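Subject: Structure handover

Hello,

Please find the sequence and the structure below. My notes on the structure follow.

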Amino acid sequence: MDNTVVSWFQSYLSDRQQFVSVNGRVSAYGRVTCGVPQGSILGPLLFTLYVNDMIQAVTCDLFLYADDSALVVSGTDPRQIEITLAENLKSLSYWLEENKLSLHLGKTESILFATKKKLSKCNRLNIMCNDKEIESKSSLKYLGVTFDQDFSGLSMASLMLKKSMLN
């Protein structure tokens, strides 16, 4: 790579400072030693490059879009799915910590997709990560799309109807 490009990136990512402003009061400047500038055009691309090898931390499917991620495990035994997800969450949490990132367990949710018949026998997952129970949902939103456990689409349709009536 051309030294000019390397120098430009080094300049872009080095010697940055930040401060906090609350009610007109400003903190002292603090040095920023990691991360990419938020709100910048290059931020999402550089973040994606930074987490590109995150997939090596898990044995299941990992979907990444900017800072949103989803672990996906397929199987017929809900208990084995729970075990696999818990192991992968633990491994992912370790990878994130090693790379100066963190897993936001307050936003972490699980969902069990199945037919209505199978959901009548087991409709939730019991998963723990770092001594915290992961909330199991019957529907959840991912990248703007609401998914129901049985893929009926009722939650998404209901949301669309509600939005159309408000306009």
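At 79% relative accessibility, Asn23 counts as exposed, because the threshold for that class is over 50%. Asn23 sits in the loop that joins strand 2 (21-22) to strand 3 (25-26). The phi of Asn23 is near 50 degrees, a positive value in a residue other than glycine. For background, most residues other than glycine have a negative phi.

Please keep in mind that this is a predicted model.

A second residue with a positive phi is Asp131, at about 60 degrees, although Asp131 is not a glycine. Asp131 lies in the loop between strand 8 and strand 9. With a relative accessible area of 77%, Asp131 is exposed.

Now the chain as a whole. Its secondary structure comes to five helices and 11 strands. The radius of gyration is 21 Å, whereas a compact globule of 167 residues would have one near 15 Å. Along the principal axes, the C-alpha atoms fill a box of roughly 60 × 45 × 35 Å. Of the 167 residues, 25% are buried. Among contacts with a separation of 6 or more, 50% are between residues 24 or more positions apart. The accessible surface is about 12500 Å², and carbon and sulfur atoms hold 54% of that surface. As for charge, there are 17 positive and 17 negative side chains, and the centres of the two sets are 8 Å apart.

The buried residues of helix 3 are Ile81, Glu82, Thr84, Leu85, Asn88, Leu89, Leu92, Ser93, Trp95 and Leu96. What do the buried residues of helix 3 pack against? Their partners are helix 2 (43-50), strand 6 (68-72), strand 8 (127-129) and strand 9 (132-137).

Leu125 is in the loop between helix 4 (116-119) and strand 8. Is Leu125 buried or exposed? Its relative accessible area is 1%, so Leu125 is buried, the limit being under 20%. Leaving aside residues up to four places away in sequence, Leu125 touches Pro78, Ile81, Glu82, Leu85, Ser110, Ile111, Leu112 and Ser136. Among these, Ile81, Glu82 and Leu85 are also listed as buried residues of helix 3. The C-alpha atoms of Leu125 and Thr108 are 13 Å apart, and the two residues are 17 positions apart along the chain.

Two further loop residues are exposed. Lys107 lies in the loop between helix 3 and strand 7 (109-111). Lys107 has 65% relative accessibility and therefore counts as exposed. Its C-alpha atom is separated by 8.9 Å from that of Ile134, a residue 27 positions away along the chain. Asp15 is in the loop between helix 1 (3-13) and strand 1 (16-18). At 71% relative accessibility, Asp15 counts as exposed as well. Between the C-alpha atoms of Asp15 and Val32, which are 17 residues apart along the chain, the separation is 7.2 Å.

Last, Leu159. This residue is placed in helix 5 (residues 154-166).

Regards

Note on methods. Residues numbered from 1 in each chain as written. Predicted model: local features only at pLDDT ≥ 70, side-chain atom pairs only at ≥ 80, totals over all residues. Heavy atoms only, no water. Helix = DSSP H or I, 4+ residues; strand = E, 2+ residues; numbered from the N terminus. Rg over C-alpha atoms; globule rule 2.2 N^0.38 Å. Buried < 20%, exposed > 50% of the residue type's maximum accessible area, 1.4 Å probe, protein only. Contact = heavy atoms within 4.5 Å. Areas by Shrake-Rupley, 256 points an atom, 1.4 Å probe, with all protein chains shown as cover. Lys, Arg positive; Asp, Glu negative; His and termini not counted. Charge placed at Lys NZ, Arg CZ, Asp CG, Glu CD.
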